[in-house]
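I opened this model to take notes on its fold, its core and a few residues. My entries are below.

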Amino acid sequence: MVVHEPHKIKTVRPLSFPTLEERKKLLSQVRFNVWHLTPTQASFDMCSLGTNAMSQEQLSGQLIGDEAYAGSRNFETLEVSVRGVLGHEYVCPTHNVLGCVKLVTATMIPAGSAVPSNARSRADVFVPLGVGYPDVRDAKEQVFTGNVDLERLEEILKGQNVAFVGLQAFADGQHPFSLKNLRTVRALAERHGKKVVCDGSRIIENAWHIQRHEQGQADRPVAEIVRQIVKTTDVFQMDGAQDPKSNTGGILTTDHPDIHEKFMNEVVVYEGLHTYGGMAGRTMEVLARGLAEMCDEAEVHWVMSQTERFTGRLREAGVPLERGCDGAYIRADEFFPQIDKNQQDTFSAALYLLSGVRATASGLVNRNRLVPVQIPRLALTNEQLDAIADAIICLHGQRDAVQGLRSLSEGKWRDQQAYNWVFPDLAPFAFETFPYEIHTIERVAVLTRGQREKAIREAGYNTFLLRSADVTIDLLTDSGTSAMSTDQWALYDGVRASASGSDEHHRLVAVLRDMLGYEHIIPTHQGRAAEHIMSQIMIKKGQWVPGNMYFTTTKLHQELAGGIFIDVIVDEAHDTRSDFPWKGNIDLGKLKKLIDEKGAGSVAYVSFEHSVNMAGGQPVSMDNMKDVYTYCRSVGIPVFFDATRLAENAYMIQKKDPRYRGVTVRDIIREMMLYGDGCTVSGKKDFLINIGGLLAFRDNRQWAEEAEELLRIYEGSISDGGLATADLAAMARGIEEMADDRYIRWRVEQTQYLGRLLTDLDVPIVTPPGTHAIFLDAKRFLPHLDQDEFPAQRLAAEIFVETGVRAMERGNVSKGRNPETGENYRPALELVRLTIPRRVYTNDHMAAVAEGVKRVYDRRKEIKGLKFAYEPAKLRFFQGRFELLQ
Ligand code: P61
């Protein structure tokens, strides 16, 4: 079975993709020491410290609490979390893990004493301070390479002035210890009257290793192993920026009141106070939540599976590396056997030059020969990690072309290094991946099959009536379900709200005028509000409204205004097997025939939808827009776009029409919009917002004034259309982001990917795959069911039971009954829509969906139909309930 993230993406941070020329310039500016580059100068920053994606609960914690100097509630939250998760009674907060080391050093290391350890990384601190730091790591151990050599430790305990035994979980990022070894060390230390102090910043990775490899531990949850480790130590310290996924912070915990007392007295000197320890209140809140969540079994397994996959891919390709708990630690000297100096920084510079990936060693120069390529926890997708591994493999293939960096100045610390270099002539590596880093995540439900059967029964076999809390992958709709970017959130937060004019309104107008080329910009709370107003001002009772296939809300408002919708889409759109590339096109012949028959005066306008939703997300060609517009102008009929999915349509033009291959999506949009007189938009789709809509007219002031008249009555003020000012800000930014070529390509190609997976598995879908959704053809999927047994409705329900994926019926149930005959309409298309939210799911989610649908397909013959148990009169698909036919 495909493994996918046990969460979805909540917010994203845009990545940068500097060109080769920019990378050369930047490298020379930082004297070829990539340590000094910034994350926005790199495509992927391979560092796991303080760079992890948080959960939405952690992020919300940032705004909770009192930021009090003394006795803050945030500290109380932290105490509860420490006791509950780690099991130690006392906690002293610190600004980060160096704060912990400093307190321990001040209170527990007498001058001239030594700290035997299984790690080397604290040499950076201990050596300058004159603390002895003997290595007691068992070099012979193969699996638990962080185990202590007990004989050697005993010798040192006997011979030297030992302060305490200082261990690290997953020492130096590469060496886990076993629980058994830890317990023995503790007993040994105790016999010599010494304490065990453990840095557990990577305790989760170590606990996972114990669960996986230590005898008798396989059935224990990570949470229990974590407690065992902590309780085996006297003092436990943790970097908040690692496993608890905070951006900083640290804790020092113990069950010894006397030790804690010393920490409390010392913390005021170096850190802050014993109830905040140099952390902001919000950091304690984030850290507390991160601690409480870090043992989540599904998440731990996901994170570790990423590390295994990444190192496995590199190893298979022959890249010399050591296993890291959080990535691959490249053996730079073996990577470049022809280079005798500065191999680590040469690797870093060459990798950046080749691909824009930044990976760098830090700390003291000459501590080891490794370059850590760490995976920020939860922040990257497998698709991205595979590509990053491929970049390293690509460099490995060209390693002979690389000359070593020549030192300009030799520092003690890595950040002090500066070099000269001759650029190697490398074939560059380009990324075609998700162009974002995951900023926050939202955990999703994982129910048993039995629980899902119960849930769908209770929902009357209607996926609209399922609780989202019961859904694992929610493909009901792409409407209002996008992940906003950090840029959108920043603007949202920074807003100055207003019920009249606002800066955000001005900005939105400017952005839309530039994007669409339309003068009159009227925000609405969502798409149907714009449709309502458009229909009311443009349709006279009894007028025809030809369009390229109906959409439920659009048609409803046209009818409420007294219009008669008539479908003039090309015939190919109704054929689920046709591979015609422009199935969204209007059939000009049908349109002309209508106008010839009825007269131009009886046609209100042409309702022209981009990337036609009900046809399967099928695009309209540029030529068709031109032709329809040219003709309509000649007969004096306005053309209004439903531009809800305009950017997706524009991408399809870029992809499929050779004349537009080199044209940006932004320019294509601008040209598309030329061939219309106005538009309605549901902003909840391409505009990358959770709420919002738009009505716009190109240059007709009278229409705009009439529209504003209705807007004031039905929606809100003319400067917000009933939206919060903050939502206007998010919308303005979302519109800019939707036209980013990398984003929109990735977005539509993800849909195409799901389509390809399903066709490869012979599952019947509407072809070619559309832009926002894949439509399963229920007539071909369940050919043994009559359409009045609602095959698409049943299929959507069955997919949920099989996989936890929620889809939407688009067929006989949605179309409704003919009011004259009382019969179901039995439309040509009987479909199930798998709709893909924007920036929310990864390609692993897509693979899991395809695999799950295939399992339903394999047992399709046993699937029976449905009958209505409750049938509402209007829009029955929303609230209708069904029973299984026996
Ligand atoms: C959807 F089952 N679409 O696809 P509003 N035009 C277009 C849309 O796709 C659209 C609207 C206008 C939805 C949500 C939805 O029966 C349903 O912002 C091309 O939702 O008001 C919405 O925009 C309406 C799903 C709407 C439905 C109605 O999932």
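These notes go from the whole chain to single residues.

**Ground rules.** I am working with a predicted model, where local features need pLDDT of at least 70, side-chain atom pairs count only at pLDDT 80 or more, and totals for chains, interfaces and linings use all residues. Residues are numbered from 1 along each chain as its sequence is written, and side-chain values use heavy atoms, with hydrogens and water left out.

**Whole chain.** I looked up the secondary structure and found 32 helices and 30 strands in the protein chain. Both are DSSP runs, numbered from the N terminus: helices are H or I with at least four residues, strands are E with at least two. Next I checked the overall dimensions. The C-alpha trace spans about 105 × 65 × 55 Å along its principal axes.

Buried means under 20% relative accessible area, exposed over 50%, partly exposed in between, with a 1.4 Å probe and protein chains only. I then turned to contacts (heavy atoms within 4.5 Å). Of those between residues at least 6 apart in sequence, 75% join residues at least 24 apart.

**Charge.** I counted 104 positive and 118 negative side chains, and the centres of the two sets lie 1 Å apart. Lys and Arg count as positive, Asp and Glu as negative; His and the chain ends are not counted. Each charge is placed at NZ of Lys, CZ of Arg, CG of Asp or CD of Glu.

**Core.** The largest nonpolar core has 104 residues. Such a core is a set of buried Ala, Val, Leu, Ile, Met, Phe, Trp, Tyr and Cys residues joined through side-chain atoms within 4.5 Å. Leu516, Ile669, Phe687 and Met738 are among those with the most contacts inside it. I followed Met738: beyond four places in sequence, its partners include Met515, Leu646, Ile669, Phe687 and Tyr743.

**Phe877.** I found Phe877 in helix α32, residues 876-879. Phe877 counts as buried because its relative accessibility is 3%. Contacts of Phe877 beyond four places in sequence include Asn462, Phe464, Thr552 and Arg810.

**Glu458.** Glu458 sits in helix α16, residues 449-458. Glu458 is exposed, since its relative accessible area is 52%. Glu458 and Arg881 are 423 residues apart in sequence, yet 9.3 Å apart in space, C-alpha to C-alpha.
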